[in-house]
Amino acid sequence: MSEYILEMIDVVKVFPGVKALKGVNFRVRSGTVHALMGENGAGKSTLMKCLMGINQMTSGKIILKGDQVTIKDALSAQKHGISMIHQELNVVTARSISENIWLGREPLKNKIMIDHKRMRQDTKKLLDQLHMDINPDELMGNLTVAKMQMVEIAKAVSFNADIVIMDEPTSALTTTEAEHLFKIIDNLKKKGVTIIYISHKMDEIFRICDEITVLRDGELVGSDMACNLDIDKLISLMVGRELTEMFPKIDCKIGDTVLKVENLSAGDAFHNVSFELHRGEILGFAGLVGAGRTEIVETIFGIRPKTEGHIYINGKEVYIDNPHEALKNGLCLLTEDRKKMGIIPVLSVRDNTVLSSLDKYSNGIKLNHKKIHVDTEEYINKLNVKTADFDTQIKSLSGGNQQKVLVARALLTDPDILMVDEPTRGIDVGAKTEIHSLITKLASEGKAVIMISSEMPEILGMSDKILTMHEGKMTGIINREDANQEVIMKYATEGFSTDEEGKDE
Amino acid sequence: MNRTSDLKKLASKNSIYIVLIFLIVVVTIASPKFLTIGNIINIFTTESIKGLLALGVAFCILSKGIDLSLGSIVALSAVVSASLIQDPTYSAQMFKGLDMPIGIGLPVAIIAGILAGTIFGVVNGALIAYTKIPPFIATLGSMVVARGLAMLYTNAYPIPMLKKPFKTVGQGNILGIPNLLIILIIFAIFAWFLLNHTKFGKNVYAIGGNDVAARVAGIKVKKNIILVYTWSSFCAAVAGVLLAARTGSGIATLGLNYELDAIAAATIGGVSHNGGVGRIGGVIAGILILGVVNNGLLLLGVSPYIQQIVKGLIIVGAVVFDMRKNAKTA
Amino acid sequence: MNRTSDLKKLASKNSIYIVLIFLIVVVTIASPKFLTIGNIINIFTTESIKGLLALGVAFCILSKGIDLSLGSIVALSAVVSASLIQDPTYSAQMFKGLDMPIGIGLPVAIIAGILAGTIFGVVNGALIAYTKIPPFIATLGSMVVARGLAMLYTNAYPIPMLKKPFKTVGQGNILGIPNLLIILIIFAIFAWFLLNHTKFGKNVYAIGGNDVAARVAGIKVKKNIILVYTWSSFCAAVAGVLLAARTGSGIATLGLNYELDAIAAATIGGVSHNGGVGRIGGVIAGILILGVVNNGLLLLGVSPYIQQIVKGLIIVGAVVFDMRKNAKTA
Amino acid sequence: GCGGKTTTTGNEGNSGQEGGKIKIGLTMSSRDQFLSTLETAVKDAAKDYSDVEIVAFDAENDIQKQLSHISSFVSQDCGAIIVNLVNTDTSEEILKAAGDVPVVFVNRLPNEKILEDSSNASYVGSDEYEAGQLQAKFLTDYFKDKSDKTINYVLFMGTLGLQHTNARSKAVKATLEENGFTLVKQFEDTAEFDRAKAMAKMQQFIGTGKPFDVVIGNNDEMALGAVEALKSANKLDVPVVGIDATANAIAAIEAEEMACSVFQDASGQGAGAFDFAYKMAKGEEVDKYGWIPFQVVSLDNIEDFK
Ligand SMILES: Nc1ncnc2c1ncn2[C@@H]1O[C@H](COP(=O)(O)OP(=O)(O)OP(=O)(O)O)[C@@H](O)[C@H]1O
Ligand SMILES: Nc1ncnc2c1ncn2[C@@H]1O[C@H](COP(=O)(O)OP(=O)(O)OP(=O)(O)O)[C@@H](O)[C@H]1O
Ligand SMILES: [Mg+2]
Ligand SMILES: [Mg+2]
């Protein structure tokens, strides 16, 4: 047997209009954590989907443990000992967590009947093992994206597979949960499991990976041991050029208050949140999963009802109970849950981009298609969206490129107050820089920005002020100068209350 | 507080039963004849044929499909089984001189009827699974074809004079409980078992809820889709044979538009057309709601035109109430 | 390579038109009578009523809904407008002695008919938007209620002897082109304009594609849903008035099951029941496919039962071909 | 007295004759046993002539379809058209669509004024009103010894809105009242000409325990449905009357489960219609009306109908 557990040789995958993989060779050593890197749309997910039998490769060979195999569907991949955490959540929201985990392989008693008791026990055991505190009977749809992601991780682990593929598993996770995942990966590795790891977060890659393969435009760029590379080298391999600065923060003039939030509460999600947002300011929201940051911006944007509190825009109190009102008041929100609240999968890239700005392009009755074309194309090109053409359905774009289209949609509305919830989730380093500089530019034009991010460097690098949350309570507002990773983590995890000092220290 | 909120949750989860009970109370007050054993049994027997269809189509809707062919399958199965079990002394018998001893003839007629209908389900399922055409179209096609075949087979003439033992299947009773009702109960229990205690059931929910997730999880989506439509047509085929036995004749116009009532019953019972959500208990409640409304209007002697109007309003009202309850707690 | 692949793409995007052309060629070869102007006009006029319904229901399906009430709305609008424009010399006139001068009577009858039907759309839309009940149930309720009202209004008797100028609306022609066809074309163009060139159209697509995302993107989902159902019932109401004019009488049984054909036409034309996908050109092609099949079978003198069977097979076959083309390139 | 008005079919020459064969179009309103028999009778009658061809369509109860059938008959150069109207009030439009081609209406009587005004249209069939009258006549006889002259009735109507539903229902009630009975409506509902529906409704009605003296059906299928329900409730002593005299009904009358039915001569109507159409296509004159009478079928004369 060769030293490789898995070899994919000369893999070609053609979609209509797109050659996603142009003869990729990919080799993975047994028992290692192997990173698969590349820009958005480079073909990482496609390559892995070919391995899982979700996509059928146009040509190429898969050699598993020395034998050539054909994998025709997900079931046969499972039988060959491969499991995968997909980039997009693949959950049945109307069913319980244990049903989701054992989907398609439910334990049976007397050959026919499903053994519900065992299913529940196995789930409990699995979740306990992975230190996840989730009720197995809870409906999947009631979980936050992050928790769903943790369940997906648990599910992938439960296969006891030889090879576990993880396609951007941390994109919806905060630091603590990511740490948790790394522990899980460590344990798997100790058991001799091979892991293929896809991520756009450089620090993770160098922390956990042994070897790195880089794709660009569906072609193999190179493959090397992690110890022979560093971040700059890796980035230039991925992007094909050097990147100057990740967080192009410009200090711009902070102007008048545009948004003032007073004692805002919404049910159980969060209580008593107050802050002010000024022109030219970027206010970062930091906190752990479930801290209630998403709910705050959703409430301001009129997606969920507020139960208490006041919101003032430009000094005038506003009562916003739907997103349409919010947009009219100059607000804009880039949502966290791209699949549920973001894209319209069957519509074209162009229609998705222009969706929030249709008023602007309608002269009462008729839409001005020409102007729509010019403007959408401008933004889409600016953000470097990789798509066959503008009439392609957005669902056939890579995850990161879908995100870019949503960013373009938000920017096209030309908002006074932009609220972005995990704006660079799943976006490659090159485009990340692009989005960061766009946000900074907006701020410098006198717009105000609220940015929720679970990536510490992003929060630290971009924000003028940082608001920290813990379990639905605001725990503080930190100035840029005073902020660092430790301070924020402290506020976010322990929930400093203003009148009472943390007593655990 | 916890207890009252639990109670609320329970009520909201079961609000369709509340609607049913409410309707029963209203009708009982309006007509004292309603709550008699005879009448209750009547409601059940009357609705049992459509009930079988609703149990079948519920699976299709759960898997995010639909089955429009059920009414036509009822007709086809009815005429096929009826044609094989006519009284041989009847001069216009369809197959002249056919007279199998009842021990052979009865099973043959029943099985032939069920097979003739169930084949359509297999074809429907295969079409939907393999060619990916919308279930609406596939089953619309089958609806037209099956009805046409039934017409062609009988030349639109009724097939009367069925043998007595066959009629007993649909008209008889065991300890006062009509056979039809017994069969409906058996099917309901079986459907409930399928959905809640077998892999097939879980697969149906998953396919309806998120077919990509189901495929990615290694579920054989195609096989399960075929099974779903086979099941629904099987229910309809059984219903067709029973209807022939109950009315003592097979006619190609039987079961016209029954599928609409069946789909309505399932929908009223909370089976969502977005797939993946619904329970057998709800379907049964949906059937009974329709049955109680029909029966109540009949007992009150409401004019047929107004009957329709009231029926439409009640159906919508019941579902609105159901949704409102859900919305409140969500 | 690029050019052939472009051609392939073009072909696959327009495969429903290929199906249509193929059917036309087959029928033309089989029956030389087919490609005569008289016959073509006959096809169009026959299908124009259902065509209007298809144009309406297409919007509902695009927004991930359905409208089952269209056939009943046809009936209600027909009887309401017919009742107001009967010949006053007819002894059994519904409103005895009603005789408005035609300049007032004609618009009044038409507008009253259209209003009576369109109200149902507003109610449907409001129910669906505000109570979130499934469109299937809301419009099923309206279907039953509207039919019942039409029956009640006329006491199930036909309303015959309509005034001549009213009948001319449905029977006349301009330069040899029947009015019905002209109206269908106007509606098709208008529907196409709505969908492709107005905000409303984009909103309908977005709501059908993902209603939560549409709301978050600032679209007024409720308002647009109401508009969608208002539009579809408006189409049906116009169709109803036209049908009364064409047949010269208003009857409460008009338009029975028309909604099914309309939905079938839209579905054949590629409007997806998963929402957000479909074009007006496809809907028109769908209508024509049904029309050509009906007419072709008629011209060939196929026996009515076999007609049904063949029709079912062709509908399924057409859609399978359409899907296969798509699948190949995907 | 309409025979005086002669039909001038006027289309001499050879329209309607293609390769020496006369085409006769037949459009049926829908399909049921009765109409199928009628259709078969038309076709059988045509078999006796070597120079005719029947083109038969089914309008599936859709007026629109029927109108398009007419247009397509015209474009196929049919010599005459036999129409079983979907709705009797569309006769004017039918005639307009038919243009010069002669039309024979069969079974369903069009608006008489229009029929009489038309120069090349005629009618063959029975008077639906008569069917109800005959039911009433039988019942008058049946109840002649009833002292209080009050009849509690159950009426199963056919599909609402159809002309024969209206005519039959109205006739039976009106005639009974004319004959001096007081009618008490116990139950009056539609079962859409369907046996299963009638059976279900009858069963539920029996459950109410209300008294009833008679069950009247607009057709035999519904009457038989009621019989099945009465049978299981052991109430077969109540007379059940239907219309059509189907094989099933005749057997039921013989078994004394049903009291009477009314025979409508489907074959006679079909043959008569063909005869008219053939003559008109050839330019010959025919009467305006060809009446085929209804007949009561009861235990007394059952042998004639077996
Ligand atoms: N179903 C599909 N139909 C058409 N094109 C597709 C489809 N799936 C992927 N593609 C195209 O294939 C290319 C590779 O996509 P893939 O999802 O593999 O990228 P990725 O490397 O995973 O990117 P990301 O980092 O954004 O997830 C993209 O150009 C994408 O548009
Ligand atoms: N659909 C839902 N149903 C019930 N509870 C929910 C739902 N969504 C969120 N919650 C709850 O609301 C609280 C806040 O969750 P949320 O994910 O919005 O916080 P967050 O700070 O934005 O975290 P994240 O880092 O995931 O964005 C949590 O307690 C969560 O469980
Ligand atoms: Mg990817
Ligand atoms: Mg969040």
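This briefing covers the contacts between chains and the surroundings of one ligand.

The model is predicted: local features need pLDDT of at least 70, side-chain atom pairs count only at pLDDT 80 or more, and totals for chains, interfaces and linings use all residues. Residues are numbered from 1 along each chain as its sequence is written, chains are lettered from A and ligands numbered from 1 in the order in which they are written, and side-chain values use heavy atoms, without hydrogens and water.

**Chain B against chain C**

- Chain B and chain C each bring 40 residues to their contact, where contact means heavy atoms within 4.5 Å.
- Together they bury about 3400 Å², with 84% of that on carbon and sulfur atoms. Buried area is the accessible area (1.4 Å probe) that two parts lose on being put together, summed over both.
- B:Phe136, B:Ile137 and B:Tyr305 supply 18% of the area that chain B buries against chain C, more than any other three residues.
- A salt bridge is a side-chain nitrogen of Lys or Arg within 4 Å of a carboxyl oxygen of Asp or Glu.
- One residue pair is in polar contact between chain B and chain C, both residues at pLDDT 80 or more. A polar contact is a pair of N or O atoms within 3.5 Å; within protein, one must be able to donate a hydrogen and the other to accept it, and residues adjacent in sequence count only if both atoms are side-chain atoms.
- On the side of chain B that touches chain C, helices H5 (102-131), H6 (135-154), H12 (258-268) and H14 (304-329) each supply at least two residues. H6(B) gives the most, with 13 residues. Helices (H or I, at least four residues) and strands (E, at least two) are DSSP runs, numbered from the N terminus.
- That side of chain B divides into 27 nonpolar, 10 polar and three charged residues. Ala, Val, Leu, Ile, Met, Phe, Trp, Tyr, Cys and Pro count as nonpolar, Asp, Glu, Lys and Arg as charged, and the others, Gly among them, as polar.

**How chains B and C are related**

- A rotation of 180° with 0.0 Å of shift along its axis superposes chain B on chain C, at an RMSD of 0.2 Å.
- The same surface serves both copies, as 100% of the contact residues of chain B recur in chain C.

**Chain A against chain B**

- Chain A gives 21 residues to this contact and chain B gives 22 residues.
- The two chains bury about 1900 Å² between them, 61% of it on carbon and sulfur atoms.
- In chain A, the most area is lost to chain B by A:Asn90, A:Arg95 and A:Leu103, together 24% of what that side buries.
- The rule finds one salt bridge across the interface. The side chains of A:Glu99 and B:Lys202 meet in a salt bridge at 2.4 Å, N to O.
- Six residue pairs are in polar contact between chain A and chain B, both residues at pLDDT 80 or more.
- Helix H2 (74-79) and strand S8 (113-114) of chain A each supply at least two residues of the side that touches chain B. The largest share, three residues, comes from H2(A).
- By class, that side of chain A has 11 nonpolar, five polar and five charged residues.

**Ligand 2**

- Of the 13 residues around ligand 2, A:Gly292, A:Arg293, A:Thr294, A:Glu295 and A:Glu336 come nearest. A residue is near a molecule if one of its heavy atoms lies within 4 Å of it.
- An N or O atom in the side chain of A:Glu336 is 2.7 Å from an oxygen atom of ligand 2.
- A polar backbone atom of A:Gly292 is 2.9 Å from an oxygen atom of ligand 2.
- For A:Ala291, a backbone N or O atom lies 3.2 Å from an oxygen atom of the ligand.

Note on methods: Least-squares fit on C-alpha atoms with pLDDT ≥ 70 in both.
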